[in-house]
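Please keep the sequence and the 3D view open while you go through the points.

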Amino acid sequence: MKRTLSFTFKLQVAYGVNTTYYTLKSLPLLKKILPSSLYGALKLKRLCFIIYIIYSILAIFLSKIIYYLLFLYLPLRAYHTDLGATFLHIFFLLSLIGALINTNVFDLNMTNYYAINNFRLDAKEYIIISFVHGLVRMALGYLFLFAIFGYLYGLNAFYIIVIILGLISLKVMAAYFKLCYEEKINGKITAFLVLVFLSMAYLLPLRGYVMPNLIPLFFYVLLIISVYPFIMKLFNYRNYHLYAKRKLAKFKNGLDTNKGLNKILSERNISEDLTITSDQKGFAYLNDLFIKRHKKLLYQASKRQCIFILVLFGFVIALCVYLKEDLGELRAMILTYLPYFVFIMYSLNRGGEFCKCLFMNCDHSLLSYAFFKKPENLLKLFKLRLLELVKVNLYPALCISVGLSLLLVLCKDMHFLDHFIIYLTLISLSIFFSIHHLTLYYLLEPYNLEGIKSAGFIVISLFTYAICVFFMFLRYSNLVFGILISLFCILYCLFAYYLVYRFGPKTFKLKR
Amino acid sequence: MAMKFVIEGLKKSYDQKLVLDDASYEFSKGKIYALLGRNGAGKTTLFNCISSDIEYEKGKFYFIDQEKEELRPSDVGYVLSTPEVPEFLTAYEFLKFFLEINESKIQDTRSIEEYLALVNIDSDDAHKLMKHFSHGMKNKMQMLVNIIARPKLLLLDEPLTSLDVVACEEMKELLRKIKNDSIIILSTHILDLALDLCDEIVLLSQKKLSPVLPLDLDDEGFKEKIIQSLRSEE
């Protein structure tokens with residue numbers, strides 16, 4: 001166990017340190033200063049090690065703060081129920097959802113692949129160590145979160161310890177079920193349970209129903225008491241090696257030919273349906289076949305988003321009808337909270353996935369052919385792809401627009417301009433993010449087969465994310481905001497198109 | 001006079017490591033050249049420079065036919081050592097797409113089936129997604145697409161290294177068939193392949209290109225001479 005522990009640590013650190021150096025090396029200014037030979041330089045390695053450790057520690061706490069802000073702090077502002085009880089009510093139900101959909105015993109990633117296949121570490125020891133490591137990180141994250149914000153919700157040291165031990169117990173049980181019954185777990189039932197817990201978490205407090213503090217605490221204590229047999233079962237489970245091999249086998253063939261993990265996963269998105277054909281010609285033919293053979297990846301997610309949005313709006317509309325309360329406040333909220341949708345449209349946009357898939361399954365190979373790299377051909381394809389990406393993202397935007405518009409009708413707001421601005425803003429935002437993703441892809445070509453993105457791309461993405469979050473806190477009149485955002489989108493589109501036209505032929509190439 | 005392709009004073013380094021230093025050579029149409037060098041000598045780097053896939057510090061590439069012509073990326077066909085084909089397409093679809101795009105440039109166009117027959121891909125395989133193709137079949141497709149357009153210069157980076165004996169012989173035969181249409185440079189570190197297939201051997205050693213004069217290509221002494229030249233790099 002000691003050897004595996006030390007090796008697991010060394011492997012993760014080596015991978016992390018080299019990734020840190022690689023990221024530093026791809027930053028625009030540092031690119032020329034740092035030579036590849038420095039991968040072996042001890043002092044720089046130490047610096048990267050420090051950066052990596054700081055990043056790893058920060059990641060534990062930052063992820064918990066973001067989780068807290070998005071899922072607890074912001075929603076809690078909307079309720080009039082007891083703050084402490086509502087906090088624990090939502091937190092408990094979210095922890096059940098986390099156990100259902102966010103429990104990983106053995107991820108498909110390169111470090112795990114190297115550990116099991118190349119370095120032949122003992123699978124049982126390696127998986128248990130990695131899992132415990134994950135639990136420790138989770139516990140530290142929550143400890144930090146509660147230490148800072150716990151007092152707001154009346155959580156004393158005893159409560160905090162019970163909650164954290166309860167969470168660990170829950171994860172252990174979920175891990176056991178995942179390990180032994182993964183193949184039998186029904187995705188639809190999981191989705192149904194998630195929906196039920198989510199509704200209970202956020203809708204019950206709207207009607208003033210929250211669990212008294214004692215109920216979640218009682219459940220956590222119950223989990224702590226009953227976790228022991230599951231711990232023993234995890235330790236005595238015999239088939240860790242087979243489990244790991246079965247998971248890794250899913251991309252074994254690809255790795256044998258030196259493909260990256262992302263490439264292998266991406267290849268699985270190609271439809272095997274050979275009845276798919278196209279009557280287009282040239283680049284339109286290529287694009288048409290690409291879209292049709294990746295329909296599941298591109299349109300299924302969009303379809304799911306639409307269903308979710310429509311169900312959500314249906315639910316809100318039904319609630320409004322049922323409550324029969326004065327809806328003037330709701331109307332004002334819709335009209336002034338429009339900037340909030342910048343973040344929502346950003347989150348819903350499929351541009352990132354689309355571009356990654358384009359690279360992995362199409363451009364990575366075709367960019368090695370001279371005919372494909374000709375400037376006029378690149379631009380021809382850029383236009384075709386842009387149209388398709390806009391289309392993919394337009395459906396959810398339209399669904400939200402229709403939903404908001406119906407809510408306005410329910411609020412007896414029949415002003416054409418109010419409705420028009422909603423459609424205009426959301427459609428503009430959807431088009432803007434589509435262009436933004438594709439333009440970045442053509443100008444930075446951020447991917448390689450491992451999926452590692454260029455540091456420049458990461459910086460711009462973080463910047464975009466920060467701006468979108470910033471918009472969540474802006475309140476503007478819908479008319480001003482709608483017009484400004486649409487004008488900005490038009491200007492950005494023209495500018496982006498010029499940039500791709502001017503620089504795309506030089507920048508859109510494989511990074512060798 | 002047969003068309004020539006000239007590399008003049010090429011210099012390329014990665015960070016502080018100089019890989020090619022004032023490398024120069026003249027290649028003639030109608031011949032297959034073996035670019036021979038040890039692992040890591042810079043063969044792929046040289047090809048990447050020629051195909052404009054990477055930047056280089058100094059150097060020129062041009063053709064001399066009736067007059068001097070600058071090399072354009074579209075003049076180069078580049079067959080990579082790890083074959084790259086769009087895996088979401090079938091072989092038939094890839095070829096159809098390629099022929100449509102290059103319609104105006106391809107002389108004596110044949111049917112897709114005829115082209116596929118050139119590299120012995122039968123109709124069953126032609127309609128399979130290329131993600132299910134073996135390394136050898138992907139290699140054949142990559143080679144086929146590169147030779148159909150008859151580029152002035154065809155670069156082949158270790159093209160036969162991982163093929164089985166039958167596929168290897170088929171590819172050699174194909175290269176011999178097309179050698180009059182292009183200048184073919186084939187990089188390899190396998191000496192026997194270079195001796196068997198190529199008309200001239202160019203050594204990439206000590207960051208420079210140099211010819212190995214064709215005294216007697218079957219002579220064991222000649223092999224020894226090449227090995228000595230490559231060893232001198234150590």
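**A helix pair, a sheet and some single residues**

1. In chain B, the axes of helix α5(B), residues 135–148, and α6(B) come within 12 Å and cross at roughly 5°. Angles under 35 degrees count as roughly parallel, and α5(B) and α6(B) are therefore roughly parallel to each other. From α5(B) the contact is made by Asn139(B), Lys140(B), Met143(B) and Ile147(B), while α6(B) contributes Glu170(B), Met171(B), Leu174(B), Leu175(B) and Ile178(B). Sorted by class, the contact of α5(B) with α6(B) has 6 nonpolar, 1 polar and 2 charged residues. Please bear in mind, here and in every point below, that this is a predicted model.

2. Which order do the strands of the open sheet in chain B follow? The sheet has 6 strands in the order β6-β7-β8-β3-β9-β10 (chain B), and the pairing is mixed. Its edge strands are β6 (76–79) and β10 (208–212) of chain B, each of which pairs on one side only. On average, and with direction ignored, neighbouring strands of this sheet are turned by 20° against each other.

3. Helix α6 of chain B, residues 165–178, lies across β3, β7 and β8 of chain B and runs at about 150° to β8(B).

4. Is β9(B) largely enclosed or largely open? Of the 6 residues of β9(B), 5 are buried, so this strand is largely enclosed by the rest of the structure. Strand β9(B) is joined to β10(B) by 5 bridges, and these two run antiparallel, with Ser205(B) standing opposite Lys208(B) in β10(B). The two strands β9(B) and β10(B) form a hairpin with 2 residues between them, and Gln206(B) in the turn has a positive phi of about 50°.

5. Two further residues of chain B deserve a look at their backbone angles. Asn120(B) has a positive phi of about 55° although it is not a glycine; Asn120(B) sits in the loop between α3 (112–118) and α4 (123–126) of chain B and counts as partly exposed at 46% relative accessibility. Glu158(B), also a residue other than glycine, has a positive phi near 45°. The place of Glu158(B) is the loop between β7 and α6 of chain B, and with 14% relative accessibility Glu158(B) counts as buried.

6. For chain A, the domain assignment gives domain 1 (70–250) and domain 2 (258–507), and the C-alpha centres of these two domains of chain A lie 32 Å apart.

7. Which residues does Lys373(A) touch, once residues up to four places away in sequence are not counted? They are Leu367(A) and Leu378(A), together with Ser51(B) and Asp53(B). Lys373(A) lies in helix α19 (residues 370–373) of chain A, and Lys373(A) is buried, with a relative accessible area of 18%.

8. Tyr441(A) belongs to helix α21 (residues 416–444) of chain A and counts as buried at 1% relative accessibility. Not counting residues up to four places away in sequence, Tyr441(A) touches Cys355(A), Leu358(A), Phe359(A), Asp363(A), Arg385(A), Pro446(A), Tyr447(A) and Phe508(A). The C-alpha atoms of Tyr441(A) and Phe457(A) are separated by 8.7 Å, and the two residues are 16 residues apart along the chain.

Terms used:
Residues are numbered from 1 along each chain as its sequence is written. Chains are lettered from A and ligands numbered from 1 in the order in which they are written. This is a predicted model: local features need pLDDT of at least 70, side-chain atom pairs count only at pLDDT 80 or more; totals for chains, interfaces and linings use all residues. Side-chain values use heavy atoms; hydrogens and water are left out. Two strands pair if DSSP finds at least two bridges between them. Helices (H or I, at least four residues) and strands (E, at least two) are DSSP runs, numbered from the N terminus. Axes are lines fitted to C-alpha atoms, for helices over the stretch in contact, and angles run from 0 to 180 degrees between N-to-C directions. Contact means heavy atoms within 4.5 Å. Domain bounds come from an automatic or database domain assignment. Angles under 35 degrees count as roughly parallel, over 145 as roughly antiparallel, 65 to 115 as roughly perpendicular and the rest as oblique. Ala, Val, Leu, Ile, Met, Phe, Trp, Tyr, Cys and Pro count as nonpolar, Asp, Glu, Lys and Arg as charged, and the others, Gly among them, as polar. Buried means under 20% relative accessible area, exposed over 50%, partly exposed in between (1.4 Å probe, protein chains only).
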